[in-house]
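Biologist: I have a sequence and a model on my screen. Can you walk me through the fold?

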Amino acid sequence: MTWEVAKKAIDFFIKRTRDTSVINFGFYGGEPLLQYDLIKKCIIYIKEQLEGRNVTFTMTTNGSLLTSERIKFLIDNNVAITVSFDGPREIQNKNRKHKSDGSGTFDDVYNKLMEIKKENPDYYKILLPLAVKNCIQLCS
């Protein structure tokens with residue numbers, strides 16, 4: 001999606017939610033972090049346009065493209081993330097592979113989640129879904 005299309009969609013949505021007390025924007029479908037720069041631009045624009053209103057953000061990601069910088073941005077902007085796992089290490093790695101080398105993603109995603117837990121335990125407790133927490137506890 002281009003910035004122009006995203007901006008038009010945001011403006012369209014904002015115009016139709018003038019009387020809404022809480023507005024949520026969700027990023028999902030495919031892997032949203034493939035378009036991180038666009039998402040970042042959208043979040044900044046939305047916050048500028050809706051300053052003073054109660055705006056929330058959600059994102060569903062496979063977690064493979066999370067970086068320290070991206071995690072910080074998501075936390076700083078109160079983006080609730082849902083990380084999708086297919087199951088224990090062997091199942092995740094069978095179904096979810098890195099494009100670059102074909103290796104499984106479980107350990108990388110697990111380590112990124114543990115980084116969030118270590119650096120931002122409150123964010124981890126509140127925003128990561130129980131299913132992922134259970135998978136981390138049971139699958140590692």
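What follows is a set of questions and answers on this chain.

Modeller: This is a predicted model, where local features need pLDDT of at least 70, side-chain atom pairs count only at pLDDT 80 or more, and totals for chains, interfaces and linings use all residues. Residues are numbered from 1 along each chain as its sequence is written, and side-chain values use heavy atoms, with hydrogens and water left out.

Biologist: In what order do the elements of the chain run from the N terminus?

Modeller: Helices (H or I, at least four residues) and strands (E, at least two) are DSSP runs, numbered from the N terminus. The chain has seven helices and three strands. Their order is α-β-α-β-α-β-α-α-α-α.

Biologist: In which sense do E1 and E2 pair?

Modeller: Strands pair if DSSP finds at least two bridges between them. E1 and E2 are joined over six bridges, and Asn24 has Thr56 as its partner in E2. The sense of the E1 and E2 pairing is parallel.

Biologist: How many bridges join E2 to E3?

Modeller: E2 and E3 run parallel. The number of bridges from E2 to E3 is five.

Biologist: Which residues form the covered face of E2?

Modeller: Asn54, Thr56, Thr58 and Thr60 make up the uncovered face of E2. The covered face holds Val55, Phe57, Met59 and Thr61.

Biologist: What is Leu74 in contact with, leaving aside its neighbours within four places in sequence?

Modeller: Contact means heavy atoms within 4.5 Å. Leu74 is one of the core residues that touch the most other members. Beyond those neighbours, its contacts are Met59, Leu66, Val79, Ile81 and Tyr123.

Biologist: How many residues lining the largest pocket are nonpolar?

Modeller: On a 1 Å grid over the protein atoms alone, a pocket is an open set of points where a 1.4 Å probe fits, with protein on both sides within 12 Å along at least five of seven lines; lining residues have an atom within 4 Å of a point. Of the 18 lining residues, Met1, Ala6, Gly26, Phe27 and Cys42 are the closest to the centre. Ala, Val, Leu, Ile, Met, Phe, Trp, Tyr, Cys and Pro count as nonpolar, Asp, Glu, Lys and Arg as charged, and the others, Gly among them, as polar. The lining has three polar residues, one charged, and a nonpolar count of 14.

Biologist: Is Asp86 buried or partly exposed?

Modeller: Asp86 sits in the loop between E3 and helix H4 (89-95). Leaving aside neighbours within four places in sequence, Asp86 is in contact with Ile91, Gln92, Asn95 and Arg96. Its relative accessibility is 33%, so Asp86 counts as partly exposed.

Technical notes:
Core = buried A, V, L, I, M, F, W, Y, C linked by side-chain atoms within 4.5 Å. Buried < 20%, exposed > 50% of the residue type's maximum accessible area, 1.4 Å probe, protein only.
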